[in-house]
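Here is a brief report on helix packing, aromatic pairs and the nonpolar core. Keep the structure open while reading.

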Amino acid sequence: MNDSVWGAPGSAGHRGQSDRGPASAGPAPRGAEPAQTRPMPMVPDFPPDDPAGDDAVTPPQPEPKKQRGGRDLGAAIGVGLGLGAVIIAALFVYKVVFVGVVAAAVVAGLWELTSRLRERKDVNAPLVPLAVGGVAMVVVGYWRGAEGAWVVMALTALAVLVWRMNDVPQDYLRDVTAGVFAAFYVPFLATFVVMLLAADGDGPWRVLTFLILTVVSDTGAYAVGYKFGKHKLAPRISPGKTREGLAGAAGFAMAAGALCMQFMIDDGQWWQGLLLGLAVAASATLGDLSESMIKRDLGIKDMGSLLPGHGGIMDRLDSLLPTAPVVWLLMAVFVGSDM
């Protein structure tokens, strides 16, 4: 071992003792307490796990690159393409399969929403009546239209009131209010998607137009906002959104809407597509902000993790749900809604 560090055999056992000589040059003054000597901690010149000692230089390690928003881009693209393939196949092969896809998404979304409410706010919105009522709402909406959907919505709210009576009275009003909100927010709004599908003749094309415009709006907002965004749209809710991004969403959606209405919808006109695209950009942005507000209130980043690279089902439905009734209404005004 290095004697300059550890001390030579027979020395006082601490650094510098042998170089400076005795600790005192003469006898201690009368009445003085004897000096206390503390052994120096025996610290080696280099860490034990570094055989190279101080001469070794560790190069700085580059920080790992992160995807924008912390997302796995490869997984996000793969999942997006897979979902798109399933939706397209269901739309144009057998409509009832697409109704089942929407019903499954509704149940998954309700499970995510009620789970996060329970975990973060201790709100117990009853999942069973919500799930049963949500599936019934989608099915009845496809066969009977908006009137049937409203009836099932009312019955679902009543079922939530009764189901919650099985628990203690404390927080009853809070829990049933959350349950009624969940029934409206997820299955009722999703019912307008299958009502688009139910239209005679071009039903699948209406749904495809709705999906294309929503995706194009989100893409336009991201692309323009990322490149040119300077002025925040709603910094307290979603700091990443900008006014330039909203303008990009409107421009992209209006262009896509003109093409879709002209070439995909029976009796559709390009100018109707411009108005439809503008409305979709507004509703999709409001839906995204509403979901962000809910997640900020809950203190979470994502509603779930069912979709790698995307988060949860509700994280993908945020702009779709409020856009569905807007598209259904404008389609009914422009070209009718015969079922």
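## Helix packing, rings and core

Helix α7 passes helix α8 in a right-handed crossing. The model is a predicted one. Helix α7 spans residues 203-228 and helix α8 spans residues 243-263. Their axes come within 7 Å and cross at roughly 145 degrees.

Which residues of α7 and α8 make the contact? From α7 come Thr-209, Ile-212, Leu-213, Val-216, Ser-217, Gly-220, Ala-221, Val-224, Gly-225 and Phe-228. From α8 come Glu-244, Gly-245, Gly-248, Ala-249, Phe-252, Ala-253, Ala-256, Gly-257 and Cys-260. Sorted by class, the contact of α7 with α8 holds 11 nonpolar, 7 polar and 1 charged residues.

**Aromatic pairs**

The count comes to 9 aromatic pairs. One of them joins Phe-184 and Phe-188. Their ring centres lie 5.4 Å apart and their planes stand at 25 degrees, so the pair is stacked. The cut-off behind that call is planes under 30 degrees apart. Both residues sit in helix α6 (residues 172-197). They are 4 residues apart, about one turn of the helix.

Is Phe-188 buried or exposed? Phe-188 is buried, because its relative accessible area is 4% and buried means under 20%. Phe-184 is partly exposed, at 37%.

Another pair is formed by Trp-271 and Phe-334. This one is edge-to-face. It links distant parts of the chain. Trp-271 belongs to helix α9 (residues 270-298), while Phe-334 belongs to helix α11 (residues 320-335). The two are 63 residues apart. Trp-271 is partly exposed, with a relative accessible area of 43%.

The two pairs compare as follows.

| Pair | Centre to centre | Angle between planes | Arrangement |
|---|---|---|---|
| Phe-184 and Phe-188 | 5.4 Å | 25 degrees | stacked |
| Trp-271 and Phe-334 | 6.0 Å | 70 degrees | edge-to-face |

Ring pairs also build a cluster. Its members are Trp-150, Phe-184, Phe-188, Phe-192 and Trp-328.

**The nonpolar core**

The largest nonpolar core has 58 residues. Which of these touch the most other members? They are Phe-98, Val-207 and Phe-210. Helix α6 gives the most to this core, with 15 residues.

Leaving out residues up to four places away in sequence, Phe-98 touches Ile-87, Ala-90, Leu-91, Val-193, Leu-197 and Val-207.

Conventions. Residues numbered from 1 in each chain as written. Predicted model: local features only at pLDDT ≥ 70, side-chain atom pairs only at ≥ 80, totals over all residues. Heavy atoms only, no water. Phe/Tyr/Trp six-rings, centres within 6.5 Å; stacked < 30°, edge-to-face > 60°. Buried < 20%, exposed > 50% of the residue type's maximum accessible area, 1.4 Å probe, protein only. Core = buried A, V, L, I, M, F, W, Y, C linked by side-chain atoms within 4.5 Å. Contact = heavy atoms within 4.5 Å. Axes fitted to C-alpha atoms, helices over the stretch in contact; angles between N-to-C directions. Left-handed = near helix turned anticlockwise from the far one by under 90°. Nonpolar A, V, L, I, M, F, W, Y, C, P; charged D, E, K, R; others polar.
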